[in-house]
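Have a look at the fold before reading on.

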Amino acid sequence: MPNFARGRSQPRSTRSKPFAGMEYPDPKRKSNFLGKVLLAAILTALCIMMLKQSPSFSAPSLFSQHEEGITHVLVTGGAGYIGSHAALQLLKESYRVTIVDNLSRGNLGAIKILQGLFPEHRRLQFIYTDLGDAKAVNKIFSENAFDAVMHFAAVAYVGESTLDPLKYYHNITSNTLVVLESMAAHGVRTLIYSSTCATYGEPQKMPITEETPQIPINPYGKAKKMAEDIILDFSKNSDMAVMILRYFNVIGSDPEGRLGEAPRPELREHGRISGACFDAARGIIPGLKILGRF
Ligand SMILES: NC(=O)c1ccc[n+]([C@@H]2O[C@H](COP(=O)([O-])OP(=O)(O)OC[C@H]3O[C@@H](n4cnc5c(N)ncnc54)[C@H](O)[C@@H]3O)[C@@H](O)[C@H]2O)c1
């Protein structure tokens, strides 16, 4: 900024005033001003250079272009148990993978393992985002060229869902709608949705088949069933290919021991059979009751 204030130390009589009534710029002040402008320009250029190097600078993402022969899959919940194994398998089979997770339940360790295994350029990226943030999700879709989505992200404990049903309807049903809307808006036409056997409730007849009526009995199962219905209704009038997986208790881990199920200790009370098996095997609990029997 030019300094328009008069210098107090300068006596009035010595101030440069060659002709009465006319103001001429003081050459000293002018060079001062130019120096400041130059400094500001250099600082601005430096800031721009630093911003460009920072990862948050909105330069086109390396994942923003479709590439012939490479399928780019968005794996939501890829820091979690099933999602991380799915991402590992996709990467092993030469897919390009973007993981979106809010780490509310997942494990950053799993992401680091995957990044270590597949450090190559444009193979894997992790984006920390909550799927409840529709704006952020839409931005992710506009900045990345996805060919398919595998939607695993969810809270997934039956017991917890009965205590906090709204959390489940929001996290499962509403977030699935957000993902689906973004897919539709950005022309992504393949969806694999991770649903659950909990959508069957307590069937009259065993074994459960694809024809078994879905009558869920808890908010977790109901929220998943609603998400399924939304997906199926949408797919009827669109060219989106959808697949819904309804699996039962998932157990096991990467045979090489790199990934596994790592539930948060605070979720133990909501119990999954898999976690209870591990706890019993490690002596953390005295035994495992199945249908009331040890
Ligand atoms: N584990 C099972 O036995 C089982 C059985 C049937 C269905 N499923 C379904 O499979 C999926 C994965 O289950 P899991 O066992 O791997 O669970 P998980 O808790 O290990 O993984 C879920 C992941 O989703 C993330 N997530 C949750 N809410 C999110 C949000 N709003 N935004 C972004 N990320 C979010 C979590 O941080 C976590 O990493 C779930 O949809 C679950 O309902 C699991």
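## Overall make-up

Of the chain's 294 residues, 26% are buried, where buried means that 20 or more other C-beta atoms, placed from the backbone, lie within 10 Å of the residue's own. This is a predicted model, so local features need pLDDT of at least 70 and side-chain atom pairs count only at pLDDT 80 or more, while totals for chains, interfaces and linings use all residues. Residues are numbered from 1 along each chain as its sequence is written.

The chain has 8 helices and 6 strands, which are DSSP runs numbered from the N terminus (helices H or I, at least four residues; strands E, at least two). In sequence order the pattern is α-β-α-β-α-β-α-β-α-α-β-α-β-α. Looking at contacts (C-beta atoms within 7 Å), 71% of those with a separation of 6 or more link residues 24 or more positions apart.

## The sheet

The 6 strands form an open sheet in the order β3-β2-β1-β4-β5-β6, paired in parallel; strands pair if DSSP finds at least two bridges between them. β3 and β6 stand at the edges with a single partner strand each, so one side of each has no neighbour in the sheet. From one strand to the next, the twist averages 15 degrees.

β1 and β2 run parallel and are joined by 5 bridges, and H72 has R96 as its bridge partner in β2. Helix α6 packs on the sheet, touching β1, β4 and β5, and its direction makes about 175 degrees with that of β4. Such angles run from 0 to 180 degrees between N-to-C directions, with axes fitted to C-alpha atoms, for helices over the stretch in contact.

| Element | Residues |
|---|---|
| β1 | residues 72–76 |
| β2 | residues 96–101 |
| β3 | residues 124–128 |
| β4 | residues 148–151 |
| β5 | residues 190–196 |
| β6 | residues 241–247 |

## The core

The largest nonpolar core holds 41 residues, and V75, A87, V97, I99 and V149 touch the most other members. Helix α6 brings the largest share, 5 residues. A core here is a set of buried Ala, Val, Leu, Ile, Met, Phe, Trp, Tyr and Cys residues joined through C-beta atoms within 7 Å. Beyond its neighbours within four places in sequence, A87 contacts V75, G78, V97, I99 and L114.

## Around the ligand

The ligand is surrounded by 27 residues, the closest being G77, G80, Y81, G106 and A154; to be near, a residue needs its C-beta atom within 6 Å. α2 gives the most to this shell, with 3 residues.

Terms used
A residue is buried if 20 or more other C-beta atoms lie within 10 Å of its own, exposed if 12 or fewer, and partly exposed in between; C-beta atoms are placed from the backbone. Two residues are in contact if their C-beta atoms, placed from the backbone, lie within 7 Å.
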